[in-house]
Amino acid sequence: MPVYKAPLRDMKFLLNDVFDYPKHYASLASGENATPDIVDAILSECARFCEEQLSPLYQPGDEEGCTLKDGEVTTPKGYKEAYNQYVMGGWQGLSAPEEFGGQGLPASMGLLKQEMMGTANWSFSMYPGLSMGAMNTIFLHGTDDQKDTYLTPMTEGRWAGTMCLTEPQCGTDLGQVKTKAEPQTDGTYKVTGTKIFISSGDHDLTENIIHIVLARLPNAPKGTRGISLFIVPKFVPTAEVGVGERNAVVCGSLEKKMGIKASATCVMNFDGATGYLIGPENEGLECMFTFMNTARIGTAIQGVGPAELSYQWALDYAKERRSMRALSGKKDPDYVADSLIHHADVRRMLLTQKAIAEGGRAMLYDAARLADHMVEGYSAGDEKKAAKYDDKLGFLTPILKGFLTELGNEAANLGMQVFGGHGYIREHGMEQIARDTRIATLYEGTTGIQALDLLGRKVLLTTKGGAVRDFTARIANFARKHLTDSRLRPFALELLKLTAQWNLLTMRIMFAARKDRDVVSSASYDFLMYSGYVTMAYMWARQAVAATNCLDKGGNESEAFYNTKLATADFYYERLLPRAQAHASSMLSSSKNLMQISADDMAFTG
Ligand SMILES: Cc1cc2nc3c(=O)[nH]c(=O)nc-3n(C[C@H](O)[C@H](O)[C@H](O)COP(=O)(O)OP(=O)(O)OC[C@H]3O[C@@H](n4cnc5c(N)ncnc54)[C@H](O)[C@@H]3O)c2cc1C
């Protein structure tokens, strides 16, 4: 079974040479301690933890899965010990506020950690990942009392958290939530209802689990305007911040699912459980969505991670496995056949994986700088700054989440393909990566919902195309600076063409949607994918610029590293970016080709 090796060289190239994180951190109040030496030390230590502790649990965790007995969930063998190591290393508090026991480092440091953990073992990383979502909600919307009660044990990792939104009748359309919350005379609420698909709903990793639950108050308005948010702890905390009585919330069953089997996906039954209102009445959805952008970047990692892991394993295999001779003549004459890596079509698959993993990573690190500014705004109570960066990030998050998770699936499937029939056999681990990553386009908002959010809300409704104009202006400014360097001119010219086209497409869809409302939905997926390919092209151009700078002025890596970056950028522009034009053409086609067949005529059965 192969193991995960953290791509530290690529990570450092992006952090130092492409995005100048040292300068970025120096500009942040929370970046005071994120000096290059400390960042390096944290990356190395995190890589060691992921490679030595998490990666070896990846395959056995899939084989064993979680078990439920008497309402209590047990995680696979080794998970509790690895989680204890995680807690002892202080990893949960890396980017959490110091006042609650965290290390107060910038949010992006948490993302780097999450990327390595998620690539080594996505199922494991979901337990602390969900806790982070709950911590953020309490931090932003909790009363001082609630923060004092919950945030320290959660930051230390002694308590975990969940996000309980989905119910049997609704996942996307949360306006249909039925779970009820009845006010009690002591100011608490009795929460009753069933939530399904709840990640980390129960487990044996922590002393307590803090559920953040969407529910309705009596007589609340119908739909999304009548939903409130509640804290429902598994054990009701005592005044001494200890673990008190067992609350009336239990895991009724574990979902049997395709992948991420070591992550407990629970049906949670709330039966008059004691809950505490968090945030204003009937504004639960707004509160829940405040930090959704960061959560969605977190899920976008599940596009990059599998592409990286599957690529690492497929590359090793392609160097070892032999099949026939290369068309251009023998490459390994001492062997019976040449290795797979000498065949152009195998290289197509490998380089697609590499371009997705490294291009996607660049997209994440670019967005993570915006997240740092946004979090700093919220933490300092600077609403204007928080809103400004939330908007910038808000435009990129559906692209990151939707596009990268779709491409993550493609990369994981290509990894299987490189292994041939062996890719389909469990012992090699390639089919597990494909199964595990399949969920990423579904939860935290499906690709379709990301696409609607991008085109319908962020581009057409709220900014009338302004979000595209702003972002493409940034790309065009960058491209214009590099027209004179012959090595970079092809990238710059292509980017200038694409920025003009992106604006034109937006205007055309805006006009078409005025006559036909279905256009917003019918064009949205292609618009999202087009946006993704152009954004990734921008990221590959930025990497090409950094690589040429390092070649000219010297860098920490070998010439081969920088030349490979340039060659991968060429590959991306010549073989993957042309797909953007197919999406452009498809998005402009009429909604009629989707809507004209009646629901009754969709199938010819019976
Ligand atoms: C393993 C796993 C873990 C999960 N973890 C959690 C968790 O921790 N907490 C939690 O609350 N939930 C969780 N979920 C639930 C998950 O977020 C939802 O399943 C997801 O949001 C989709 O909702 P749905 O399943 O109800 O699909 P639906 O909303 O029924 O959607 C079905 C299809 O219709 C499309 N669609 C729906 N509405 C529209 C529209 N208006 N326009 C165009 N297309 C539309 C969707 O894109 C999708 O393709 C998890 C799910 C799984 C499988």
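Modeller: Happy to; what follows takes those topics in turn. This is a predicted model, in which local features need pLDDT of at least 70, side-chain atom pairs count only at pLDDT 80 or more, and totals for chains, interfaces and linings use all residues. Residues are numbered from 1 along each chain as its sequence is written, and side-chain values use heavy atoms, with hydrogens and water left out.

Colleague: What distance separates the oxygen atom of the ligand from the side chain of threonine 446?

Modeller: Polar contacts are pairs of N or O atoms within 3.5 Å; within protein, one must be able to donate a hydrogen and the other to accept it, and residues adjacent in sequence count only if both atoms are side-chain atoms. A ligand nitrogen is 2.8 Å from a polar backbone atom of methionine 163, and a ligand nitrogen lies 2.7 Å from a polar side-chain atom of threonine 166. For the ligand oxygen and an N or O atom in the side chain of threonine 446, the distance is 2.6 Å.

Colleague: And in the largest nonpolar core, which residues have the most contacts inside it?

Modeller: A nonpolar core is a set of buried Ala, Val, Leu, Ile, Met, Phe, Trp, Tyr and Cys residues joined through side-chain atoms within 4.5 Å. Buried means under 20% relative accessible area, exposed over 50%, and partly exposed in between, with a 1.4 Å probe and protein chains only. This core has 190 residues, and helix H17 (residues 518–553) gives the largest share, 20 residues. Those with the most contacts inside it are Met116, Tyr365, Phe395, Trp502 and Tyr572.

Colleague: What is phi of aspartate 20 near?

Modeller: Most residues other than glycine have a negative phi. Aspartate 20 sits in the loop between helix H1 (8–18) and helix H2 (21–26), and counts as partly exposed because its relative accessibility is 34%. Its phi is positive, near 45°.

Colleague: Which backbone oxygen does the side chain of threonine 499 reach?

Modeller: Threonine 499 lies in helix H16 (residues 489–515) and is buried, with a relative accessible area of 6%. Contact means heavy atoms within 4.5 Å; leaving aside neighbours within four places in sequence, threonine 499 is in contact with Thr472, Ile475 and Ala476. At 2.9 Å, its side chain reaches the backbone oxygen of leucine 496.

Colleague: Last one: is asparagine 409 buried or exposed?

Modeller: Asparagine 409 belongs to helix H12 (residues 383–418), and a polar atom of its side chain lies 3.1 Å from the backbone oxygen of threonine 405. Not counting residues up to four places away in sequence, asparagine 409 touches Ala434, Thr437, Arg438 and Thr441. Because its relative accessibility is 10%, asparagine 409 counts as buried.

Methods
Helices (H or I, at least four residues) and strands (E, at least two) are DSSP runs, numbered from the N terminus.
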